[in-house]
Amino acid sequence: MFKYFEPNKIFAATSKAPKYVLLLFIIILSIGLTEALILSPEDYKQSHAVRIMYVHVPAAWITLGIFSAITFLSIFGFIFKIRNCFLISKSLAPSGLVFNLIALVTGSIWGKPTWGTWWAWDARITSMLVLFFFYIIYLVAWRIYEKNDKVFKITTIITIFGIVNIPVIKYSVDWWNTLHQPASINIFSESSIHISMLFPLLIMTAAFALFSLLIFLMKYNTELIKIKNKGLDRL
Amino acid sequence: MINELLLMNGYGLYVWSAFAFTMFSFLTLYMIIKTQYVKERNKFIAKFGTLNSKRAAFAKSQSVNKEILSSSSNI
């Protein structure tokens, strides 16, 4: 089964996919922006400020998802000695970092009109900031140890420490008294968000997911070409 | 209508700046990754050009190399 993970076999597909993903992303994002900024209703309490949710929440979901994927792939790759898992992890990290930054900045902008402050050392916000630093440390480790085989071990250890923070982010609003509101969308129980707001939120999430896929594919292709460049040096 | 969309009951500045920051981040990341991709591909093509015919034929026999050489910058 693992032979299908070989970069040579994947490159044929990944080199052609970005242009189609980019096109689909532009279409979905256009629909999402129209829904989020024009068609969706304002909130009875927060008025139009609620529209920030359509960029803040998808960004937060995706950054958490990407870090979880990076951790899973790193551990899997480390146990089964599959280098391609590390290549995929490394290619996922830049979009994870940017989505984390978007979640933090848009959260801060949203905080001003709703809480009256740009920043609070609240459990949810602080744990998101900690995740941001884990992304930075992970990417810096790749930069420093790229030419060293130790990089696989070091990045896996970083992700193992970082993944402990993910449940803290998720449940921080339940475990502690926070300024941040509890989750409005639950998979296993009834969500408190109205369908007219859920629909644009899901469209924006799809658009953001497509963007992270696009960045991943481009970065992955770049990493493969880098490897091939080294191969040409050895010829 | 346009004024209402821009001002959003006084929340316009917050809403538009959040969306603008998001789009700016997308564009910046896309440009950075694209630049890295083009740089590596050009490096590959330049290195390929310096190979002698025997080595070039061997390198070209590998499917990935063929794909890289044939993929013009169309992302």
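Colleague: Is α4(A) mostly covered or mostly exposed, and how many of its 33 residues are buried?

Modeller: Happy to, bearing in mind that this is a predicted model. Helix α4 of chain A is mostly covered, with 25 of its 33 residues buried. The helix runs over residues 83-115, and from first C-alpha to last it reaches 46 Å, close to the 48 Å expected at 1.5 Å a residue. Just after the helix comes Gly116(A), which takes a positive phi of about 85 degrees.

Further along chain A, helix α5 (residues 123-145) packs with helix α6 (residues 150-163) at an angle of about 175 degrees, their axes 9 Å apart. Angles over 145 degrees count as roughly antiparallel, so α5(A) is roughly antiparallel to α6(A). Among the residues making this contact are Phe134(A), Tyr138(A) and Trp142(A) from α5(A), and Val151(A), Ile154(A) and Ile158(A) from α6(A). By class, the residues of the contact divide into 10 nonpolar, 3 polar and 1 charged.

Chain A also meets chain B: 38 residues of chain A are in contact with 37 residues of chain B. On the chain B side, α2, α3 and α4 each supply at least two residues, and α2(B) gives the most, with 21 residues. That side of chain B has 21 nonpolar, 9 polar and 7 charged residues.

Definitions and conventions:
Residues are numbered from 1 along each chain as its sequence is written. Chains are lettered from A and ligands numbered from 1 in the order in which they are written. This is a predicted model: local features need pLDDT of at least 70, side-chain atom pairs count only at pLDDT 80 or more; totals for chains, interfaces and linings use all residues. Axes are lines fitted to C-alpha atoms, for helices over the stretch in contact, and angles run from 0 to 180 degrees between N-to-C directions. Helices (H or I, at least four residues) and strands (E, at least two) are DSSP runs, numbered from the N terminus. Angles under 35 degrees count as roughly parallel, over 145 as roughly antiparallel, 65 to 115 as roughly perpendicular and the rest as oblique. Two residues are in contact if their C-beta atoms, placed from the backbone, lie within 7 Å. Ala, Val, Leu, Ile, Met, Phe, Trp, Tyr, Cys and Pro count as nonpolar, Asp, Glu, Lys and Arg as charged, and the others, Gly among them, as polar. The expected span of a helix is 1.5 Å times one less than its number of residues. A residue is buried if 20 or more other C-beta atoms lie within 10 Å of its own, exposed if 12 or fewer, and partly exposed in between; C-beta atoms are placed from the backbone.
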